Amino acid sequence: MKNSNMLTGLDRVLLSGREYVGADKIDGPLVFMRNTHPIGYGELVECIDQYGKVRTGQVLDTSDEVVVVQLFEGTSGLTLPGTKMRFIGEPLTLDVSEQMLGRVLNGLGKSRDGAMLPRGEGHRDVNGLPINPTSREYPRDFIQSGISVLDGLTTLIQGQKLPIFSGNGLPHNQLAAQIARQAKVRGADQEFAIVFAAMGVKYDVARFFIDSFEESGVLSNVALFLSLADDPSIERIITPRSALTLAEHLAFEKGKHVLVIMTDMTNYCESLREISTLRGEIPSRKGYPGYLYSNLAELYERSGKIAGRDGSITQLPILTMPNDDIGHPIPDLTGYITEGQIVFDREMHARGIYPPINGLPSLSRLMKDGIGEGMTRSDHPHLANQLFASYSHVKDVRNLASVIGEEELTVLDQQYLEFGDFFERKFVHQAFDEDRSIELTLDIGWKALSLLPAEELQRVTDQEIEQHYRS
Amino acid sequence: MQERIVGQVKRVNGPVITVKGITDAMMMELVNVGEQRLVGELVKLSGTEAIVQVYEDTTGISPNDNVYGTGMPLSVELGPGIIGTIYDGIQRPLETLRNVGGDYIQRGINRPSLSRENSWMFEPLVTVGDEVTPGSILGQVVETERVLHKILVPPTLFTKGTIVEIAPKGSYSVDRTIAIVEYEGQTFQLTMMQRWPIRVPRPVRERLALHTPLITGQRVIDMMFPLAKGGTVAIPGGFGTGKTMTQHAIARWCDADIIVYIGCGERGNEMTDVLREFPRLIDPRTGRSLMERTVLIANTSNMPVSAREASIYTGITLAEYYRDQGFHVAIMADSTSRWAEALRELSGRMEEMPAEEGFPAYLPTRIAEFYERAGYMKVLNNQEGSVSVIGAVSPPGGDFSEPVTQHTRRFVRCFWALDRSLASARHYPAIGWLESYSEYVNDVAAWWDEHSDGSWRESRSQIMDLLQREVRLQQIVKLVGPDALPDSQNFILEVCSLFKNAFLQQNAFDDIDRYSTVEKQIGMLQLILSYWRLGSEAIKKGVPMVKIRRMKVVQDIARMKFSVDNDDVGELDRIALRLERSLGQLGGMYEE
């Protein structure tokens, strides 16, 4: 038994060097090859065009008759007879090293700035492996972002995956940059390492992030994986995987706290749809493949903390909701996987409020265990709950006011309107470079609540009212 | 031992593998693929080809790799040692895998579901010469402080037999023979462990009518939309509406004997949360840790999709096994939509013709089969046991008209619709009272009336009626403002708002409020109803509503969920007295 095992293993090693010349069919990023030796599913492929240029690909489907390879760097310029394929015999890997911080890489983790990359410290499969749920450590360390509406109401926790649901033209990049700049864990002096994955975004956006990191002097602590709008769309599929593979290395081998910013997830999903359609798969909603959920989960679940290891991976994916529709499959499926969401509101943006975060649909699922006594402040949970409840009533009052006019409202409802304005203008709104401590955030929250009569505040305790409420 | 090779790989497409050269493979047989021995199940046979659905990542599998047969269908191991364990979708013990393979789940590693090293103190309950039939109890094992595990005769081995040997009281591992049974000249060696194929329901003697509610300690459920023991319920809701929170709350506080919690395609951290929290939480009924009655099945969203499909069946088979011992079991499946999506993904890979939204045409059949495994049963040994199923549904975009929600609705009798606007206002549990329903109300009304001096049915319909009237009034208020309503109608709004805040809403993190006993629930509802009754009378006498609202005792009612301890329900009577007195005084002032 053992012998035959080794033989097949040896066979594969010998065969893996073999080069095949001539493809049967090329369709978009997919290349079809016949008459090969048995090729493993998911194997790494090197494709050499007639000029000797090497492109990387992966096996998508393998059978006796035909092997389907997807090329990450596109297929333009390939000819059927001139294409050579080398099957490497192992899955796509990334040479990871701490030295990749401070570098600009492409979606496959190769140097983009021309300079040589240092020797890797490890060789990791970019697809990763699922973390055993029993090995996970439940995340509960509060990250102070210095942004009131986040810290107060949608608290970010170290090891969380919290996406920003935005729309075109909204300041999601500013917010992500601000979080990257200001994020800190209180009582710990270690800085975050940042892994940045850009998928199909414009050069200006990448430039904005690079400049912003440079200004705040953290650029040497950032690894950028760029697959820009003019790069082959297929490369976007591998970009977040490369980025997360490096993040896992930094977090769980090097003990760093890593913040992963991925933008724009919508482009990633579009690329998936493109491949799926090319392969003639049965689509589910809006033409997206049925496995979109599992596929996104493979990315988002690569975050968190592992018991007994020092580091953590916090994910901040950014996605633009097509047509601002939160029910679109991309934000919808994302919301089902991530631990909450930060939702932008176009109307708030139009009124000049930054960050234009709509508190009501926004949510942080891990917040409950990361705030309160000993972590932020004892009144935080009740205060947040009360702000949500009161602010949701403001929306009703505003609707009523638009029908019957503000003058006709009861005194109480007018107080609610006043509260709503104060909440949006003073609590939510802040400057791009304003870094508020959590205490300041909570105090502003109480100031807002103090505009309402005390008996309206049913979700805070009497002691808290006594201590913080100032009418 | 010579392994049986059933065929060779022909094509690999994600988790679906086509196998050629099939000789004697069985339908639904458990197979191992390639030299890594990836676990798979044979789902289709056609000529000399077969389709295998693999429960692990298939990277590296190539054509011509061998496929090995095991000769049995995908089964679970049943015996002592299940409670308190966390398994993956095909019952691999995750903690053991971690000890063997590290923090990541490596491929191709396998360990027995029930540890062969642990031994259990077996106490025989039969003697030599006793006649046993399927389901008979051979003996018992203290599995945890609160679970007295009965060792049963497997259901299908023989129809009747005689004990020829039984092990004395002592410590044995699960694979040691503890009894020898003779039937028609044949002898059978029985151990404490048995296997059962996950896709086949375990046999029972008889299905019984449902009559007892499953008390969850959640007021909106127990009082408004009760679930019966042996019943089925769906919890549909968009993301962030609190499906998982509701499931967790029920898993914590419901009065089932055993909880099977299936995390099907959900978040890894949520399972960690349960793992971290349940051992520390104390069950108010028994004073023991909640983990002592809980089994977890974790197949998180990034774990292989075919194992996700199997996880639901694994869970319900474990539940049926404990039901057969006479326990009342509750299953939480979070979420059945992920399971349906796994079906869709696999069906797509097998190139089957899709029906609605890409789901396979057999989706409703599968949903029905799953929910029909719930029920209140007389089991083979004539005890009574039940399996209740609480299935979360995650409709895309929160739209209940999608296929999974719609089909599930056809096969469940209770529906807890989670409402997005309630969740946005942080009103949890966000179970909407207008769209939800329970067909078990009549089944369990007798039980409730017995526990509430005959008032439950009446009180429930009274408050439901008020809530319905409130909806109509709210429509008017939206147009003209609340001032336009007379006090008598405004008071309906006031009572409903109090009812929502003080009763329906329940804080899962508050030490007192997270769970309410039957007595407290009844007391609270009656108190609110007497506020309505007495308040309306006072308004008829001319007392302005504002005065009634401002009474100190109304604040007491609003906070009773936090202030009145479950053990001190008498406090509610004292509040009722104060209410009566205050309203009496007010009424007196205006009567003159």
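Modeller: The domain assignment divides chain B into domain 1 (4–72), domain 2 (118–192), domain 3 (206–441) and domain 4 (456–591). Keep in mind that this is a predicted model.

Start with the pair formed by domain 3 and domain 4 of chain B. Their centres, taken over C-alpha atoms, are 33 Å apart. The two are in contact: domain 3 of chain B puts in 17 residues and domain 4 of chain B puts in 14 residues. On the domain 3 side of this contact, two elements give two or more residues, namely α2 (219–224) and α3 (243–253) of chain B. Of these, α2(B) gives the most, with five residues. Sorted by class, the side of domain 3 of chain B that touches domain 4 of chain B has twelve nonpolar, three polar and two charged residues.

Next come some strands of chain B. Strand β13 (residues 161–166) of chain B is joined by two bridges to strand β10 (residues 131–132) of chain B, and these strands run antiparallel. Within this pairing, Glu131(B) stands opposite Thr162(B) of β13(B). β13(B) is also joined to strand β15 (residues 177–183) of chain B, here by four bridges and again antiparallel. Strands of a sheet pair through backbone hydrogen bonds, in either a parallel or an antiparallel way.

Pairing also crosses from one chain to the other. β5(A) and strand β1 (residues 4–13) of chain B pair in the antiparallel sense, over two bridges. There, Thr62(A) has Val12(B) in β1(B) as its bridge partner.

Now the contact between the chains as a whole. Chain A contributes 58 residues and chain B contributes 58 residues. On the side of chain A that touches chain B, at least two residues each come from α1 (2–16), β5 (54–63), α7 (292–300), α8 (329–337) and α11 (380–404) of chain A. The largest share of that side, seven residues, is supplied by α11(A). By class, the side of chain A that touches chain B has 27 nonpolar, 20 polar and eleven charged residues.

Chain A has its own domain assignment: domain 1 (11–90), domain 2 (95–366) and domain 3 (380–468). The centres of domain 1 of chain A and domain 3 of chain A, taken over C-alpha atoms, are separated by 61 Å.

Chain A also holds an open sheet of three strands, with antiparallel pairing and the order β13-β12-β15. β13 (156–157) and β15 (184–185) of chain A are at the edges with a single partner strand each, so one side of each has no neighbour in the sheet. Strand β12 (residues 142–144) of chain A is joined to β15(A) by two bridges, and the two run antiparallel. Ile143(A) has Val185(A) of β15(A) as its bridge partner.

Last, a pair of helices in chain A. Helix α3 (residues 172–182) and helix α4 (residues 203–215) of chain A pack at an angle of about 25°, with their axes 10 Å apart. That angle makes α3(A) roughly parallel to α4(A). Their crossing is right-handed. Asn173(A), Ala177(A) and Arg181(A) of α3(A) make the contact with Val205(A), Phe208(A), Phe209(A) and Ser212(A) of α4(A). By class, this contact of α3(A) with α4(A) has four nonpolar, two polar and one charged residues.

Technical notes
Residues numbered from 1 in each chain as written. Chains lettered and ligands numbered in written order. Predicted model: local features only at pLDDT ≥ 70, side-chain atom pairs only at ≥ 80, totals over all residues. Axes fitted to C-alpha atoms, helices over the stretch in contact; angles between N-to-C directions. Parallel < 35°, antiparallel > 145°, perpendicular 65-115°, else oblique. Left-handed = near helix turned anticlockwise from the far one by under 90°. Contact = placed C-beta atoms within 7 Å. Nonpolar A, V, L, I, M, F, W, Y, C, P; charged D, E, K, R; others polar. Pairing = 2+ DSSP bridges. Domains from an automatic or database assignment.
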